[in-house]
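Please keep the sequence and the structure in view while reading.

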Amino acid sequence: MPRLLIVHHTPSPGMQELFEAVVKGATDPEIVGVEVVRVPALSAGVSDVLAADGFVLGTPANIGYISGALKHFFDTVYYPCLDATRGRPFGAYVHGNQGTEGAVKAIRDITGGLGWKAVVETVEVMGGPDKGALERCWELGATVAASLME
């Protein structure tokens with residue numbers, strides 16, 4: 001069964017709302033035959049990545065960059081997973097209060113180096129999540145999960 005790994009750093013109520021919307025989309029009853037695994041960024045490791053067929057990444061934008069937790073995740077898994085995970089699909093969501101551009105660029109650069117393929121545009125949310133942001137996160141989770149259906 002294909003496995004979707006959701007790696008997230010969820011330190012705030014706004015990030016929790018976005019995370020829950022992603023999970024709801026990924027686990028929609030119309031998506032069958034895909035196992036969805038959720039692991040906090042500080043706990044996710046090489047074995048989680050190697051066992052996954054696709055990824056969703058969630059982070060706040062902290063001082064113009066990805067969270068330290070997501071950076072730690074990438075630092076831990078980058079070289080051990082570099083060749084083994086090329087071409088795998090992913091999506092990402094980023095929440096910021098002052099700007100998300102640096103975090104989005106970092107995700108694009110790091111996943112590009114890994115050779116992962118974006119199957120949906122990164123969801124960027126400024127300020128408190130509104131209905132539209134939650135819908136986009138639901139669609140993100142559903143799209144990446146559906147890309148893994150056999």
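Is lysine 105 buried, partly exposed or exposed? In this predicted model, lysine 105 is partly exposed, because its relative accessible area is 43%.

**Overall fold**

- The secondary structure of the protein consists of five helices and seven strands, and these follow one another along the sequence in the pattern β-α-β-α-β-β-α-β-α-β-β-α.
- The radius of gyration is 14 Å, close to the 15 Å that the globule rule gives for 150 residues, so the protein is as compact as a globular protein of that length.
- Of the contacts between residues at least 6 apart in sequence, 84% join residues that are at least 24 apart.

**Surface and charge**

- Buried residues account for 49% of the 150 residues in the protein.
- The accessible surface amounts to about 7000 Å², and carbon and sulfur atoms contribute 52% of this area.
- The side chains include 11 positive and 17 negative ones, and the centres of these two sets are 5 Å apart.

**Nonpolar cores**

- In soluble globular proteins, nonpolar side chains tend to be buried together.
- The largest nonpolar core in this protein contains 28 residues, and those with the most contacts inside it are Leu57, Leu70, Phe73 and Phe74.
- At least two residues of this core come from each of β1 (3-8), β3 (54-62), α3 (68-81), β5 (89-96) and α4 (101-114).
- Another core, of 23 residues, lies apart from the largest one, and its members include Leu4, Leu18, Phe19 and Val23.
- When residues up to four places away in sequence are not counted, phenylalanine 73 touches Val7, Ala41, Ala44, Val49 and Leu57.

- Alanine 106 counts as buried because its relative accessibility is 6%, and the limit for a buried residue is under 20%.
- Leaving aside residues up to four places away in sequence, alanine 106 touches Tyr65 and Ile66.
- The C-alpha atoms of alanine 106 and valine 56 are 15 Å apart in space, with the two residues separated by 50 positions in sequence.

**Glycine 96 in strand β5**

- Glycine 96 has its place in strand β5, and it is buried, with a relative accessible area of 2%.
- Its contacts, not counting residues up to four places away in sequence, are with Ala61, Val125, Met126 and Gly127.
- Glycine 96 and alanine 21 are 75 residues apart in sequence, and their C-alpha atoms are 17 Å apart.

- Isoleucine 63 lies in the loop between β3 and β4 (65-66).
- The phi angle of isoleucine 63 is near 55°, which is a positive value in a residue other than glycine.
- Isoleucine 63 is classed as exposed because its relative accessible area is 90%, and exposed residues are those over 50%.

**Glycine 132 in helix α5**

- Glycine 132 is found in helix α5 (residues 131-146), and a relative accessible area of 28% makes this residue partly exposed.
- The C-alpha atom of glycine 132 is separated by 23 Å from that of arginine 38, a residue that is 94 positions away along the chain.

Notes. Residues numbered from 1 in each chain as written. Predicted model: local features only at pLDDT ≥ 70, side-chain atom pairs only at ≥ 80, totals over all residues. Heavy atoms only, no water. Helix = DSSP H or I, 4+ residues; strand = E, 2+ residues; numbered from the N terminus. Rg over C-alpha atoms; globule rule 2.2 N^0.38 Å. Buried < 20%, exposed > 50% of the residue type's maximum accessible area, 1.4 Å probe, protein only. Contact = heavy atoms within 4.5 Å. Areas by Shrake-Rupley, 256 points an atom, 1.4 Å probe, with all protein chains shown as cover. Lys, Arg positive; Asp, Glu negative; His and termini not counted. Charge placed at Lys NZ, Arg CZ, Asp CG, Glu CD. Core = buried A, V, L, I, M, F, W, Y, C linked by side-chain atoms within 4.5 Å.
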